[in-house]
Amino acid sequence: MIYLISNTPFDDESVEQISLCGIKFNKFNTDLSEFDALIVTSKNGINSLKFNSITLADILVFAIGKATALSCKEFGFTQIYEAQNSHGSEFGAEILEKLYGKRVLFIKAKETISNLDIYFNQNGIDISVIDGYENLILKKDISSKPKSNSILIFTSPINVRAFIQNLGWDDSYKAVAIGKATAQALKPYTDPIISKSQTIKDCVELAKSLK
């Protein structure tokens with residue numbers, strides 16, 4: 001059986017989903033027109049703008065992944081740079097040169113792995129940072145634990161932590177990680193396979209190939 005450990009809905013009858021995390025949006029106020037560029041690494045960055053009724057401005061947006069770029073477009077942004085690299089540190093290196101001379105706003109989760117804000121700051125970028133949202137670990141009954149020999153798909157490091165805290169680990173599990181940071185979080189428990197593309201759809205296809 002394939003299990004998707006994510007709170008992002010995915011429609012596939014052959015995959016069972018376990019939601020172990022929730023999102024809390026933080027209250028903030030900002031004027032996007034005061035910036036030349038916006039960085040968002042998750043669609044929750046855009047959702048935090050919606051939550052706080054932030055007015056749209058015609059600025060350049062740097063986004064990780066197709067889902068995030070689509071959220072940017074749906075919000076109303078028209079200048080969207082979808083990064084070729086979906087891994088945090090590689091994403092930072094890819095867009096660094098494009099940020100020089102710009103006033104940049106970065107909307108991120110309260111807790112992150114990649115520390116992109118520090119990287120940009122150390123490289124002389126004029127950057128303001130807002131913790132727009134928090135990832136919360138939910139409590140789940142142990143009866144939700146996948147059976148032995150299951151294939152598990154993890155979409156973020158916090159989903160790994162939430163799974164271990166709630167359900168523990170079985171050495172018979174195979175794991176698919178959506179990216180390098182998620183794979184690193186899994187290393188103490190297993191040797192995960194990293195999806196070549198950072199989308200849930202591609203992770204599911206990879207998991208199916210392992211059956």
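## Around Leu49

Beyond its neighbours within four places in sequence, Leu49 is in contact (heavy atoms within 4.5 Å) with Phe28, Leu32, Leu38, Ile54, Phe75, Phe77 and Ile107. A second, separate core of 18 residues includes Leu20, Leu152, Ile158 and Leu186. A nonpolar core here is a set of buried Ala, Val, Leu, Ile, Met, Phe, Trp, Tyr and Cys residues joined through side-chain atoms within 4.5 Å.

The model is predicted: local features need pLDDT of at least 70, side-chain atom pairs count only at pLDDT 80 or more, and totals for chains, interfaces and linings use all residues. Residues are numbered from 1 along each chain as its sequence is written, and side-chain values use heavy atoms, with hydrogens and water left out.

## The largest core

The largest nonpolar core has 19 residues. Leu49 is among those with the most contacts inside it, together with Leu32, Leu38, Val40, Phe77 and Ile107. Two or more residues each come from β4 (37-40), α1 (43-51), β5 (60-63), α2 (66-75) and β7 (103-109). Helix α2 gives the most, with three residues. Helices (H or I, at least four residues) and strands (E, at least two) are DSSP runs, numbered from the N terminus.

In soluble globular proteins, nonpolar side chains tend to be buried together.

## Salt bridges

The count comes to six salt bridges. Each is a side-chain nitrogen of Lys or Arg within 4 Å of a carboxyl oxygen of Asp or Glu.

Arg103 pairs with Asp36, their closest N and O atoms 3.2 Å apart. Arg103 lies in strand β7 and Asp36 in the loop between β3 (21-25) and β4, so the bridge ties together parts 67 residues apart in sequence. Arg103 is partly exposed at 39%. Asp36 is also partly exposed, at 29%.

## Two further pairs

Glu90 and Lys180 meet at 2.4 Å, N to O, in another salt bridge. Glu90 sits in helix α3 (residues 88-99) and Lys180 in helix α6 (residues 180-186), so this pair ties together parts 90 residues apart in sequence. Glu90 is partly exposed at 27%. Lys180 is partly exposed at 44%.

Lys108 bridges to Asp131, with the closest N and O atoms 2.8 Å apart. This pair links strand β7, which holds Lys108, to strand β8 (residues 126-137), which holds Asp131; the two residues are 23 apart. Lys108 is buried at 7%, whereas Asp131 is partly exposed at 33%.

Terms used: Buried < 20%, exposed > 50% of the residue type's maximum accessible area, 1.4 Å probe, protein only.
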